[in-house]
Amino acid sequence: MILFDNSYMLQMLEKSLRKRLPESLKVYGTVFHMNQGNPFKLKALVDKWPDFDTVVVRPQEQPGDTEMNVGDGEQVPILKKLTGSCNEEMFKHSTLDVTHAALVDKFWYFGGNRRSQRFIERCIQSFPTLCLLGPEGTPVTWALMDQSGELRMGATVPKYRSQGLGTYVLYSYVQSMDKLGFPTYNHADKANKISQKMNHTLQLVPMPCDWNQWNCVPL
Ligand SMILES: CC(C)(COP(=O)(O)OP(=O)(O)OC[C@H]1O[C@@H](n2cnc3c(N)ncnc32)[C@H](O)[C@@H]1OP(=O)(O)O)[C@@H](O)C(=O)NCCC(=O)NCCS
C-alpha cells in the first residue's frame, strides 16, 4: 500500500476520486475533509497509483486516539439566510453546540453510549451544523455531518415533528453545504419512510450504491 501523507498527494487523490463518483462518494467525502484540515486526523493508503482499485482510510496512530479525543477543529458557521416556511418568530436558526451532543445522541439510531456521544461532540466541533432553537431555547431539529461528509445525524424532537421543520432544516443544510462547496449526501434506511419521503420531497438524487458501516474492535 502507498501512504498518501502530504497535501499534494491527497489533493491528487481527491481529484481522482471525484472522477469516480458516485461509487467513490464516501471515500471522496472523507478525503475531501482530510484536505480541509483533516479534523479527524485520518490517513489514506492506496493499493497502487494512479490506477488504484482500493483506498483505505484509517486513523493515524497517535497516543490517545482510541479515546477519540475531541479535536481543535473550528466549526464552519452556516451563513446562508434561511428561507422557506419556518416560523421565524418561534424558531431561531443556529448551530449546534458541543453541549447539545447528548440530545443529538438520544435521537441517533447509532447512539446511546459514551463513545457515540463523544463521536457526536467531535463532529459538532469539526464540521458545519444547523439547528432550529425552539421557544425553550434548545434545539428542536438539527442536521450534522460526519468525517466522511455524510449528513449523518438529523432529527426533530417528537413534540415538534410533522410541522415541516425536518424537511426545512435538511433543505437549508444541503443548500448551505452546496454553497460552501462541500459534497453533501445522506443515507436513509429503506425502513425509514419519513426520511425517504423527505429526500423525495427535496428531490435528492438517489445513488445506485449501497450503504455500509464497519464496526471495528480491537482483537
Ligand atoms: C425523520 C424526522 C427527522 C422527520 O422530522 P419532521 O420534523 O417530523 O419532518 P417533517 O415535518 O418535515 O416531515 C416530513 C414528511 O414526513 C411526514 N411525517 C412526519 N412525521 C410523520 C409520521 N409520524 N407519520 C407519517 N408521516 C409523517 C410529514 O407529514 C412530511 O410529509 P409531507 O412532506 O408530505 O408534508 C423525525 O421523524 C425524526 O427525528 N425521526 C427520528 C430520527 C430519524 O429517523 N432521523 C433521520 C435519520 S436518516
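## Backbone exceptions

Ser162 is exposed, with a relative accessible area of 82%. This is a predicted model. Ser162 sits in the loop between β7 (150–156) and α5 (165–180). Its phi is positive, about 60 degrees, although Ser162 is not a glycine. Asn38 is another non-glycine residue with a positive phi, here about 45 degrees. Asn38 belongs to the loop between α2 and β2. With a relative accessibility of 16%, Asn38 counts as buried. Most residues other than glycine have a negative phi, and most peptide bonds are trans.

Two cis peptide bonds deserve a look. One runs from Leu21 to Pro22, with omega near 5 degrees. Pro22 lies in the loop between α1 and α2. The other joins Trp49 and Pro50, with omega about 10 degrees. Pro50 is in the loop between β2 (42–46) and β3 (55–59).

## Aromatic pairs

Searching the whole structure gives twelve aromatic pairs. In one of them, Trp108 and Phe119 are stacked, 5.9 Å centre to centre with 15 degrees between the planes. Trp108 is in the loop between α3 (101–106) and α4 (114–126), while Phe119 is in helix α4, eleven residues apart. Both Trp108 and Phe119 are buried.

Phe110 and Trp211 form a tilted pair: 5.9 Å centre to centre, 40 degrees between the planes. Phe110 lies in the loop between α3 and α4 and Trp211 in the segment after α6 (193–201), so this pair ties together parts 101 residues apart in sequence. Phe110 is partly exposed, at 32% relative accessible area. Trp211 is also partly exposed, at 24%.

## Cluster and charges

Which residues form one aromatic cluster? They are Phe40, Trp108, Tyr109, Phe110, Phe119, Phe127 and Trp211. Two arginines sit over rings of this cluster. Arg122 lies over the face of Phe40, 4.2 Å from the ring centre. Arg152 places its charged end over the ring of Phe110, 5.0 Å from the centre.

## Helices α1 and α2

Helix α1 (residues 7–18) and helix α2 (residues 25–34) have axes that come within 9 Å and cross at roughly 150 degrees. Angles over 145 degrees count as roughly antiparallel, so α1 is roughly antiparallel to α2. The crossing is left-handed.

Which residues of α1 and α2 meet? On the α1 side they are Leu10, Leu13, Glu14, Leu17 and Arg18. On the α2 side they are Val27, Tyr28, Val31, Phe32 and Met34.

Technical notes:
Residues are numbered from 1 along each chain as its sequence is written. This is a predicted model: local features need pLDDT of at least 70, side-chain atom pairs count only at pLDDT 80 or more; totals for chains, interfaces and linings use all residues. Side-chain values use heavy atoms; hydrogens and water are left out. Rings of Phe, Tyr and Trp (its six-membered ring) pair if their centres lie within 6.5 Å; planes under 30 degrees apart count as stacked, over 60 as edge-to-face and the rest as tilted. Helices (H or I, at least four residues) and strands (E, at least two) are DSSP runs, numbered from the N terminus. Buried means under 20% relative accessible area, exposed over 50%, partly exposed in between (1.4 Å probe, protein chains only). A charge sits over a ring if NZ of Lys or CZ of Arg is within 6 Å of the ring centre and within 35 degrees of the ring normal. Axes are lines fitted to C-alpha atoms, for helices over the stretch in contact, and angles run from 0 to 180 degrees between N-to-C directions. Angles under 35 degrees count as roughly parallel, over 145 as roughly antiparallel, 65 to 115 as roughly perpendicular and the rest as oblique. A crossing is left-handed if the near helix is turned anticlockwise from the far one by less than a right angle, and right-handed if clockwise. Contact means heavy atoms within 4.5 Å.
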